[in-house]
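Reader: How should I read salt bridges and the exposure of their partners?

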Amino acid sequence: MPGVPPSPDDPICAVATPPGRGALAVVRLSGRGARVIAGRVTRKELIPRKAVLTGFRDGNGERIDQGLALYFQAPASFTGEDLVEFHCHGNPVVCEMLMDALCAQGARRAEPGEFSLRAFLNNKLDLAQAEAIADLISSTTEQCVRTAGRSLQGAFSRRVKEVLEGLVGVRTGVEACLDFPDEDSGALPGKALHGPLSALDGELDELLEQARSGERLHAGATVAIVGAPNVGKSSLINALAQSEIAIVTALPGTTRDPVVADIEVHGLPVRLVDTAGLRTTGDEVEQLGIERTRRILAEADLVLWLDDLSQPDPAGPAPEGVEASRVIRVHNKTDLVARHAEAGRQEVYLSVKTGSGMEALVERIRERVLGREQASTPFLARARHLDALQRTQAHVRSALQCLHRGQDLELAGEDLRLAQQALGEITGEFSSDDLLGSIFSEFCIGK
Ligand SMILES: Nc1nc2c(ncn2[C@@H]2O[C@H](COP(=O)(O)OP(=O)(O)OP(=O)(O)O)[C@@H](O)[C@H]2O)c(=O)[nH]1
Ligand SMILES: [Mg+2]
């Protein structure tokens, strides 16, 4: 993606539906003269928002296919430009022929994300909303779809804008103090702004918490199942994935290669990895498996550390190099023991065999990945948003310190300017061509 194209309203076209065969496919055309180009291909007079059944013709006037043409007049279209959708039969060859026909009449093939980029440049969407389109399309769970939908509707952008307005208010206050210092009142200059800025700091805390949860929901989590041989790791992945994907036997050392399953944990996309049991062994193949387990351990977002309650010393040594914050202790085979201790906050007692405790484990996984406030994940967010929010808060806190000292008003003003800029990056109020290029180039063609 070459950042912002040189002539951002030249006519572009792309197949908007995924490659492959189906009943229908949609080809989109947007930009200056789209209606004229469409008129040449359909030989019909297109009326805004009226579906017209028509033939599609190539550059030589030969009929390619027939379908619907739907015209959206600027600015009332997705891109804000004149836009025509062609609904043809879902065959990639037909789509290509139709694309060639449009190009023969003056359109060019769109770059990845170029339709959404134009929507952004024409103020139909802000940047967070444009990202939400990509996230909505790539969502793998219903909850991701719903939260991405809320971001697309502007839930996140509205909160960002509210804080942004607050920042502008305080910044104006600081500028006023600088322009008209109230030297007689005896109060520290800018003191009155401390309260509103503190309140903004609190709002940023809340927004960060929500964004963090939204980002985790967006990114999903890798959860490794680790423990000594024979404790029931493969049985657990099979139960969670509801499929016999891993071999289970009563022999210790059954699993060697990691076994991966993508599952959904109450709306959260989770990649489970079953691993070779950790022990000292002379078996070369098993040893290689254990090395892989250690690599997976290092990278997992969360580690389910399993043990077998029926063994004399079930816990055994903790897996090395894993911080407690990433571990959930899972005590398996409760069906084999008469009684067991109360579960602490970071542990679960269960029996994969009877299914008892499985729901508690699933809850715990979700809670640990999404954070305590998981019930309120109001929107989907990305690492980029988190980064911008963190920088905003750092500048706000630095401005607070300046105000606290009562001097350094100019520094506070500068911090607030930087805070405003960092926050504005989320919605694209402040954005560079590089940023736009990197965001929209991730989109697939036709978006
Ligand atoms: N009674 C009982 N047996 C279980 C339970 N979970 C697993 N098992 C049995 O424990 C044995 C080992 O199970 P696996 O799932 O293969 O254990 P693993 O941890 O993957 O073992 P390795 O791959 O060798 O490291 C099998 O015979 C399972 O049927 C449980 O909750 N209760
Ligand atoms: Mg196994």
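Author: Start with exposure: a residue is buried under 20% relative accessible area, exposed over 50%, and partly exposed in between (1.4 Å probe, protein chains only). Arg256 is partly exposed, at a relative accessible area of 24%. This is a predicted model, in which local features need pLDDT of at least 70 and side-chain atom pairs count only at pLDDT 80 or more, while totals for chains, interfaces and linings use all residues. Residues are numbered from 1 along each chain as its sequence is written, and side-chain values use heavy atoms, with hydrogens and water left out.

Reader: How many salt bridges are found in the whole structure?

Author: Side chains of opposite charge can pair when their charged atoms come close. A salt bridge is a side-chain nitrogen of Lys or Arg within 4 Å of a carboxyl oxygen of Asp or Glu. The search finds 32 of them.

Reader: With which residue does Arg256 form a salt bridge?

Author: Arg256 meets Asp283, at 3.1 Å from N to O. Arg256 lies in the loop between helix H8 (233–241) and strand S8 (259–265), and Asp283 in the loop between strand S9 (268–274) and helix H9 (284–299), so the pair ties together parts 27 residues apart in sequence. Helices (H or I, at least four residues) and strands (E, at least two) are DSSP runs, numbered from the N terminus. Asp283 is partly exposed, at 31%.

Reader: Is Glu114 buried or exposed?

Author: Glu114 is buried, with 0% relative accessible area. Its salt-bridge partner Arg108, with the closest N and O atoms 2.7 Å apart, is partly exposed at 28%.

Key
Chains lettered and ligands numbered in written order.
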